[in-house]
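This report concerns a single protein model and is intended to be read alongside the sequence and coordinates.

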Amino acid sequence: MNIPDHYRALYRTWLRYAIVMMMFGLLIGLSFEESAKRAPVSDLLPAGKHIEAILPLALVHGHAFLLGAVLPLALVFMLHLGLTLGFRPLGPKTLKAATWLYLPGSALSVALLLYKGYHWVLGVRFGHTDFAAWNDAFFGGNHALRAASYGIAHTAMAVGMAILAIAFWRSMSARRD
């Protein structure tokens with residue numbers, strides 16, 4: 001099969017990203033286990049609050065795998081399957097735009113989850129159990145920065161995915177020359 005050079009570049013980039021995120025997901029899983037042990041259930045941190053305190057950090061592991069490994073691998077497979085079935089290849093600009101939006105957006109989303117997770121776990125370890133006040137202290141209490149960070153990450157990721165999905169959908173109805 002003749003794979004266009006811009007597809008090869010995308011495959012290489014997205015597969016490397018998936019491998020890095022898989023390794024990161026494994027490491028953050030270990031880190032979560034060790035960090036959660038340092039915030040045990042106690043009188044100061046009863047069972048319900050304990051779950052609430054460690055859950056943001058627990059979510060990083062799954063999100064790293066899903067956003068960083070599973071979705072990129074699925075998209076690479078989808079693009080390759082499209083070539084195999086004879087769909088018109090997507091253009092290099094489309095693939096570059098999807099790459100430059102989705103990959104940084106997903107990395108930023110996982111980084112924000114990691115920041116939030118450790119903000120909560122370390123806060124509990126240092127005795128902050130008023131979660132409403134601790135939530136207000138997130139991002140130094142700057143709610144605009146918090147909203148902008150999450151908005152940029154999720155918008156970039158969503159637009160990158162939408163560009164790829166719409167372009168692929170259109171390529172399904174066109175046959176390769």
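## Basis

The model is predicted: local features require pLDDT of at least 70, side-chain atom pairs count only at pLDDT 80 or more, and totals for chains, interfaces and linings use all residues. Residues are numbered from 1 along each chain as its sequence is written, and side-chain values use heavy atoms, with hydrogens and water left out.

## Helix 5

Helices are DSSP runs (H or I, at least four residues), numbered from the N terminus. Helix 5 covers residues 143-172; at 1.5 Å a residue its 30 residues should span 44 Å, and the end C-alpha atoms are 43 Å apart, which agrees. The expected span is 1.5 Å times one less than the number of residues.

Among the buried residues of helix 5 are R146, M157 and F168; buried means under 20% relative accessible area (1.4 Å probe, protein chains only). Their cover includes helix 1 (5-37), helix 2 (47-84), helix 3 (92-125) and helix 4 (131-136).

## Residue F87

F87 occupies the loop between helix 2 and helix 3. With a relative accessible area of 14%, F87 is buried. F87 and M172 are 85 residues apart in sequence, yet their C-alpha atoms are 5.2 Å apart in space.

## Largest pocket

The lining of the largest pocket consists of H6, A9, L10, T13, P92, L95, K96, T99 and W100. Helix 1 and helix 3 are the elements that give two or more residues to this lining, and helix 3 supplies the largest share, five residues. A pocket is an open set of points on a 1 Å grid over the protein atoms alone, where a 1.4 Å probe fits, with protein on both sides within 12 Å along at least five of seven lines; lining residues have an atom within 4 Å of a point.

How values were computed. Buried means under 20% relative accessible area, exposed over 50%, partly exposed in between (1.4 Å probe, protein chains only). Contact means heavy atoms within 4.5 Å.
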